Amino acid sequence: MPKIIHELEKCIGCGACAAVCSDFFELGNDGKAHLKGSKKTSKNEELTVKDVKCAKDAEGTCPVQCIHVK
Ligand code: SF4
């Protein structure tokens, strides 16, 4: 199944991902985006999904390329 990975350290909190893909992304009080329902690893947030839906759009729109859909 596909996996969405969000590199937290690189995120600049611009909100573009949440704008195009609120199914998976929201802005947190810490000024960074968060992947809803994800597991936190040492540096990243990861979520395995059946359908990547708008996550590909979020990956494409992130200005610092810190979202990856694999
Ligand atoms: S688009 Fe990228 S840099 Fe902007 S809030 Fe989302 S993950 Fe962070």
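Predicted model: local features only at pLDDT ≥ 70, side-chain atom pairs only at ≥ 80, totals over all residues.

**Strands, core and ligand shell**

User: Which residue in β5 is the bridge partner of K40?
Analyst: The bridge partner of K40 in β5 is E45. Residue numbers start from 1 along each chain as its sequence is written.

User: How many bridges join β4 to β5, and how many residues does the hairpin have?
Analyst: Strand β4, residues 39-40, runs antiparallel to β5 and is joined to it by two bridges. That number meets the criterion for pairing, because two strands pair if DSSP finds at least two bridges between them. The hairpin from β4 to β5 passes through three residues.

User: What else pairs with β5?
Analyst: Strand β1 (residues 3-7) pairs with β5 (residues 44-48) in the antiparallel sense, over five bridges. Within that pairing, K3 has T48 as its bridge partner in β5.

User: And which strand sits where in the sheet?
Analyst: The order is β4-β5-β1-β6 in an open sheet of four strands, with antiparallel pairing. Its edge strands are β4 and β6 (67-69), each of which pairs on one side only. Between β1 and β6 there are three bridges, again in the antiparallel sense, and I5 has H68 as its bridge partner in β6. In general, strands of a sheet pair through backbone hydrogen bonds, either parallel or antiparallel.

User: Changing topic: what is the overall pattern along the sequence?
Analyst: The protein has two helices and six strands, and the pattern read along the sequence is β-α-β-β-β-β-α-β. The radius of gyration is 10 Å, close to the 11 Å that the globule rule gives for 70 residues, so the protein is as compact as a globular protein of that length. That radius is taken over C-alpha atoms, and the rule is 2.2 Å times the number of residues to the power 0.38. The C-alpha trace spans about 30 × 25 × 20 Å along its principal axes.

User: What share of the residues is buried?
Analyst: Buried residues account for 23% of the 70. A residue is buried with 20 or more other C-beta atoms within 10 Å of its own, exposed with 12 or fewer, and partly exposed in between, the C-beta atoms being placed from the backbone.

User: Which residues form the largest nonpolar core?
Analyst: It has twelve residues: I4, C11, C17, C21, F24, F25, A33, L35, A55, A58, C62 and I67. The elements that contribute two or more of them are β3 (33-35) and α2 (55-61). A core of this kind is a set of buried Ala, Val, Leu, Ile, Met, Phe, Trp, Tyr and Cys residues joined through C-beta atoms within 7 Å.

User: What does I67 touch?
Analyst: Leaving out residues up to four places away in sequence, I67 touches H6, C17, A58, E59 and C62. Contact requires C-beta atoms, placed from the backbone, within 7 Å of each other.

User: Now the ligand: which residues come nearest?
Analyst: Of the 14 residues around the ligand, C11, C14, C17, A33 and C62 come nearest. Being near means that the C-beta atom, placed from the backbone, lies within 6 Å. The shell has eleven nonpolar, three polar and no charged residues.

User: Where is A18, and why is it classed as partly exposed?
Analyst: A18 lies in helix α1, residues 16-20. It counts as partly exposed because it has 19 C-beta neighbours inside 10 Å. Beyond four places in sequence, A18 is in contact with F25, E26, L27 and A33.

User: Last one: where is V49, and what does it touch?
Analyst: V49 is in the loop between β5 and α2. Apart from residues up to four places away in sequence, V49 touches M1, P2 and I4. The C-alpha atoms of V49 and P2 are separated by 5.7 Å, although the two residues are 47 apart along the chain.

Notes:
Nonpolar A, V, L, I, M, F, W, Y, C, P; charged D, E, K, R; others polar. Contact = placed C-beta atoms within 7 Å.
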